[in-house]
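Here's a quick tour of one structure, going from a single helix out to a chain-to-chain contact and then on to a sheet. Have the viewer open as you read.

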Amino acid sequence: MNDAESAALDPVTLAVLKGRLEQIVDEMDATLYRSAFNPTIAEAKDACHGLYDPVTGDTLVQGANGLPIFVGAMAFAVRAVIAKVEEDGDLADGDIFLFNDPYDGGTHLNDFRLVRPLFRDGELFCWMASVGHWLDIGGNVAGGYNPKATESFQEGVRIPPVKLYEKGVLRKDIIAILEANSRVPTSNWGDMNGQLNALELGVRRMGALLDEYGDKTIASAFTAFSDRSEALMRAAISALPDGSYSFSDVLDNDGIVDEALSVMLKATVQGDRMTLDFTGSSPACKGPINISRSTTVAACYVALKHLFTDVPANAGCLRPIDFVIPEGSILGAEAPKPVAGYTETILRLIGVIFGAIAQADPDRALGGPFGTINALSISGHDDGRRFVMFSFFGGGLGGSPKSDGLNHANNPISTATIPPVEILEAAYPVMFTRWGLRPDSAGPGCHRGGVGAVYEIETLRPSDVALLGERGKAPPFGVAGGGPAAMNRFYWQTQTGEESPPMVSKITDLHLPAGRRVRLESPGGGGWGDPLTRPIEQVKRDVELGFVSAASAEKDYGVILNQEGEIDIAATESRRKEHAK
Amino acid sequence: MSNSTGGSVVGVDVGGTFTDLFHFNETNGTFSTAKVPSNRGDEAVGFLEGLTSFGPLTELASIVHGTTVGTNALLERKGAKVGLITTEGFRDVLEMRRRDRRATWGLSGDFIPVVPRDLRLEVAERTMADGTIRTEVDTEAVKAVCRELIAMGAEALAIVFMNAYANPANEQAALEAARSVWPNDHIVGSASILPEIREFERTSTTVLNAYLQPVVGNYIGKLEHALAEGKFDGKFHIVQSNGGVMSTEMARTLPARTALSGPAAGVIAAAAIAREAGFPNVVTGDLGGTSFDASLVVDGKSMLAPQTTIDFGLVIRTPMIEIVTIGAGGGSIARVDAGGMIEVGPESAGSRPGPVCYGQGNDRPTLTDANVVLGRINAENPIGGKLDRLDVDAAKAAIAKHVAEPLGLGVMEAAEAIVRIADSKMGGAIRLMSIERGHDPAKFAAVPFGGGGALHAGALIKDVGLKAALVPRYPGVTSALGCVIADIRHDQVQTLNANLNGLDIEALDARMMEEANHARAIVESARLAVERIDVLFELDMHYLGQTHTLAVPLPAEVKDGTTGVTVDLIRKAFEKAYEASFSRLLPNIGVRIVNLRTAAVGIRPRFDLSALAAPKDTTVEGALLGHRDVWFQGEWHNTAIYARLDLPEGAVISGPAILEQPDATVVVDPDLTARVDNFGNIIMERA
């Protein structure tokens, strides 16, 4: 931090520049959403842009809409490019780097980073980067989520940082490699062009802003923003009581070996610093739910941002945080450990941070979110053309001191909207037979969790089905006395009945003839507060609405309804008293 | 057709606090205005009181109304009890939304849908994406669920079937069956409201129409009754969110289209005033208590957005004047956060308790407090007329405590900082609308309307690099004026899902003619004088594989029973629009038409805005009220104060100066010049 420089900026200019810079990044996001090809970017907003420090790669400015997990991970991606440039020593204006290496600042192979230097008078001023989830990049399973992968080579093609553009000239050889390695090269080509559009726009807008305010002023503003985030984060940590708060949770299995894997956290608050220590978490596993150290740090950042929403998104927020991430654990995996299912592990990791902070600060207690991405792909051939329907599904969020959890929401790592049924049915040979809320899926509580969903789909052509999900064996947890939610379930129709995967929420190589149905039932969110303190009228209403069954009202909430659905007051009071003992 | 009325037309804009009226006598070209208190819950009282101030109702030829009654019912959740019937398996679409949440960061908060789950029932039926019917609807089952809903007290009915945009037959059969048992006319089907792909948006829009039908219907009924009692026998119309006028019958059927009625009328008037004054490209700005609403007008035309979100999860998909709202209004609270940054808004003291200087109990400084402390607002004679004077000292103390001291600034510097940060936020909204859409701000003028905008319009010239600012003669009644001059408009959409390669162009032409004739008939049935009716076509298109679409205006005109549309014309229009938005075309990839949008616009007789001109027989000296100290750019300036309405046509005033009028204050910054043009507007430009 450079006091002399940041002090030179008056508070008005600082506030104005904050708005102007964030607007540039927001506009880069919007440009990609509108011009991207695959719905995972265009509808689900699985993308992110930002400005990064020329030397350290630290995040300087982030937009309001970037996919949360990418916001945390991008600095590592820029660092990977910085390392590459140092090695090769040939950075030039007009270069644009492209890569998807998950061990070197990436997340999983589908996420393609484009990193572009911004030069001013021949000097590197900052980095600009764009990341987007491409639809398919090879591997054994269309869409990339291969639950059976034991090496990243089975998940798709891995590209280290290479120059896509060299001094402003497109390298067609790189394009040829990309084209040859995807089931849907046109979609990837469209998305890459969208990312290039976004970077081009960023360079143009930044140039104008630098001309208006001067390079030095903007550079000092960057410093001041990070310092401010750091100060806000320190203030937030200081408000927590000193002490250690432990919380752990498990993943069902890695898709290969049916053994639970644990994510353990001890969060220690000391003054205005916090240590997140993951010692005791399981060793790296065979299947694809490992994450690299950089992804772990990025996920911690996402969790903290959800808890401390006032702290702006830049590198400053992480300065007061120390990390202990055991090498070789599922949270510190190295190549070629498979990582395609990284979303599941970071969701569990974000959950344990919520669980630990709930002990430190009851006002920030959040019931566990549904906690699985449920990456479902249905693929095959329609009129001789290959189709890949690939989507993530929703579930309930946890209850909080403020309210019940949100029904059918997205995960904390994403802001993606779900594609409409009608868009999917118009594009792919499938028919949805159910798209509804799932009764008794929410964790009971004074404020119950949000309700999960039931999605049922009928194949109209012979189809290959693959699912990578979680929460089939350990439910989303409740906090402050709240109860756990329902677990994840997946079924497919057979000639005689229904079957479920042996690995609970993970399956591949499922071949269904036309006219068969699959059904996904997603978890709700964990409850907040003792369910026996939930107002009886609200429990009754939940029964009327079909969110809570009469049986659960009695078992979980101690509310007894008679056959007409009216509250049996005497029985309820005595039941609640009995429970309370 | 010509303007045959020759009587008087009145625009009525009912706002939260006041009802503004603009009365124009078409025979002799004179006008007058009125402002009366709104009577929340019984708006007809203020409405009538305002109207009768112009004389007997029998002398009025036409009344055009901008209303927020629908918006308020949505925000306060005071609509009808609606029953919803859906395809089996899909009753929760409305509550599941698009799986979004309120904010990117932070996970708390829930969502209560306008139709609770027990009033959402299902029937077996299924239409496929290609329009084929897989399962026919059982009309007896429809009747049975209707009876269930009636028994539960449903007052209005919405029916939404999957893929009804592709083939509405099942939905129409269900509607017919429902009509045979439903006790009233409040029955809405999704394919007639919005035959467009995307089930959540269609469900939400359909349900919100049903939710508002009884509310808006009762409201219009009450007004019509009161008008009839006053022997009014002219025409009564409603402004819709697209900035056009519709009949009261249409407003009763499609009440969700009134959601932005008042603001849209304001934008229409601002656009018309600016166009007449020689500024076809403008950004309008309405500064209220909690927010600043900006809207873009290019070549005299306001920009339309395809949908709007009234509140989390309340989506209305129908073309609306695009308004960007940011949380910076007069009541926005200024504070310094733990990281040492000044923030202005989005937290707001609103109008109650309001700014500190109102003395109504708030002690945290607002934008209005900063304007008062800087001397920009006249503390002795506040606009609006509700308060006698404003408490400058209290405002100063609040700024000192909450902004100046934490930052180590003087109180005046802190007040100026608050104003500049608010200016910059407003500038951000304008940049978002202009620069981000590829427009050069140097070609645009800012047009503030409402009471507060003119305080900041001059600063926006500098902040965004605008050409000028134009303050209409009566900023407070701009929306009411907009009601008088708005054209009649009807918008329609139809999803086509057709590839450009192998397109059946004759079928498309026939479809376009059908849509055009339908839209035109609705405009004609409004029975207002129009000079001509224009039909506009737009296609939502994309490259095969993309999901977002691009609005592609088609240069096609209805003539001799055909639109003259060709594949080549469509392709060229698409490439032109795509290149303008994204700079790179993607040859070799197929192109697809998703939706056809058709609008019919009945052009109203031109309103002669020179009726608003300033007096010619007054003098600048005569308009001078005196001088007071006003703080600009770090120091006090002895600043001339003028009575704005007394300034003669052609007057030129050099900044710094303050121009006061009963409903607005215009600040002319030191490096700006203000002049009065031929239409009574103040034009501010760089000196």
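## A helix tucked inside

H9(B) is largely enclosed by the rest of the structure, because 15 of its 16 residues are buried. Keep in mind that this is a predicted model. The helix covers residues 261-276 of chain B and reaches 23 Å from its first C-alpha to its last, close to the 22 Å expected at 1.5 Å a residue. Just past the end of H9(B), B:Gly278 takes a positive phi of about 95 degrees.

Now for the place where the chains meet. Chain A puts 66 residues into the contact and chain B puts in 57 residues. On the chain A side, several elements each supply at least two residues, including helices H2, H3, H6 and H7 as well as strand S14 (430-437). Which helix gives the largest share of that side? That's H2(A), with eleven residues.

| Residue type, chain A side | Count |
|---|---|
| Nonpolar | 30 residues |
| Polar | 25 residues |

Across from A:Arg489 you'll find A:Glu521, which sits in S20(A).

Methods:
Residues are numbered from 1 along each chain as its sequence is written. Chains are lettered from A and ligands numbered from 1 in the order in which they are written. This is a predicted model: local features need pLDDT of at least 70, side-chain atom pairs count only at pLDDT 80 or more; totals for chains, interfaces and linings use all residues. Helices (H or I, at least four residues) and strands (E, at least two) are DSSP runs, numbered from the N terminus. The expected span of a helix is 1.5 Å times one less than its number of residues. A residue is buried if 20 or more other C-beta atoms lie within 10 Å of its own, exposed if 12 or fewer, and partly exposed in between; C-beta atoms are placed from the backbone. Two residues are in contact if their C-beta atoms, placed from the backbone, lie within 7 Å. Ala, Val, Leu, Ile, Met, Phe, Trp, Tyr, Cys and Pro count as nonpolar, Asp, Glu, Lys and Arg as charged, and the others, Gly among them, as polar. Two strands pair if DSSP finds at least two bridges between them.
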